[in-house]
Amino acid sequence: LIDKVLAAPEVQAAIADTARRDGSSIGEAWKKAHAFAWELAADYSHPVVRSASFLLQPIWNRIYRGILVHHLDAFKAVAPGNEVIYVPSHRSHMDYLLLSYLLYSEGVVPPHIVAGINLNMPVIGTLLRKGGAFFIRRSIRGSALYSAVLSEYVAQLVAGGYSIEYF
């Protein structure tokens, strides 16, 4: 995916523009784009998601008496083959964990989750990334190269049929 992002014409143009603006080489600007792509990228791991579901189940059972989901069968019938964008309220960090857990337990692949770069902490960040999170900066102002890499990354996810969750 990162190779596709870096090879995209928009990203190549942003690399050339960055090199021209900064007075650096194309190779240096490419390395910057490469670093941005790795900073962003999710690293979804089914074993990690499965393990997290086992760990979270007792927590959900302790916190909630049950979860009622309307129209789940209708959703499961139309979701395959379509890119789904989830936009929960984000009252807490439990939202994305609970939504991913619910979808996984119902046999639906959890979405890739847009997460703030502030959540990319040691251990926690790795677990979130393995669970499908990709990390974005809070501000992209002033960095056309970062903006191009981020836009292309999201475009590649959608083109690949991946669902996305953001707040």
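Arg-20 is a residue of helix H2. The model is predicted. Arg-20 is exposed, with a relative accessible area of 61%, and the cut-off for exposed is over 50%. From Arg-20 to Ser-51 the separation is 31 residues in sequence and 47 Å in space, C-alpha to C-alpha.

**Nonpolar cores**

- The largest nonpolar core comprises 25 residues.
- Within this core, the residues with the most contacts are Val-11, Leu-145, Val-149 and Tyr-153.
- At least two residues of the core come from each of helix H1 (2–7), helix H2 (9–22), helix H3 (26–40) and helix H8 (144–159).
- Helix H8 makes the biggest contribution to this core, with seven residues.
- Leaving aside residues up to four places away in sequence, Val-11 touches Val-5, Leu-6, Ala-148, Val-149 and Glu-152.
- Another core, of seven residues, lies apart from the largest one; its members include Tyr-96, Ile-113, Leu-128 and Phe-135.

**Helices H4 and H6**

- Helix H4 spans residues 46–63 and helix H6 spans residues 94–105.
- The axes of H4 and H6 come within 10 Å of each other and cross at roughly 110°.
- Angles of 65 to 115 degrees count as roughly perpendicular, and H4 and H6 are therefore roughly perpendicular to each other.
- On the H4 side, the contact is made by His-46, Val-49, Arg-50, Ser-53, Leu-56, Gln-57, Trp-60 and Ile-63.
- On the H6 side, these residues meet Met-94, Leu-97, Leu-98, Tyr-101 and Tyr-104.
- By class, the residues of the contact of H4 with H6 are nine nonpolar, three polar and one charged.

**Sheet**

- Four strands make up an open sheet, arranged in the order E1-E4-E2-E3.
- The pairing in this sheet is parallel.
- Strand E1 (85–86) and strand E3 (133–136) are the edge strands, each pairing on one side only.
- Strand E4 (residues 164–165) pairs with E1 over two bridges, in the parallel sense.
- Opposite Tyr-86 stands Glu-165, a residue of E4.

How values were computed:
Residues numbered from 1 in each chain as written. Predicted model: local features only at pLDDT ≥ 70, side-chain atom pairs only at ≥ 80, totals over all residues. Heavy atoms only, no water. Axes fitted to C-alpha atoms, helices over the stretch in contact; angles between N-to-C directions. Parallel < 35°, antiparallel > 145°, perpendicular 65-115°, else oblique. Contact = heavy atoms within 4.5 Å. Nonpolar A, V, L, I, M, F, W, Y, C, P; charged D, E, K, R; others polar. Pairing = 2+ DSSP bridges. Core = buried A, V, L, I, M, F, W, Y, C linked by side-chain atoms within 4.5 Å. Buried < 20%, exposed > 50% of the residue type's maximum accessible area, 1.4 Å probe, protein only.
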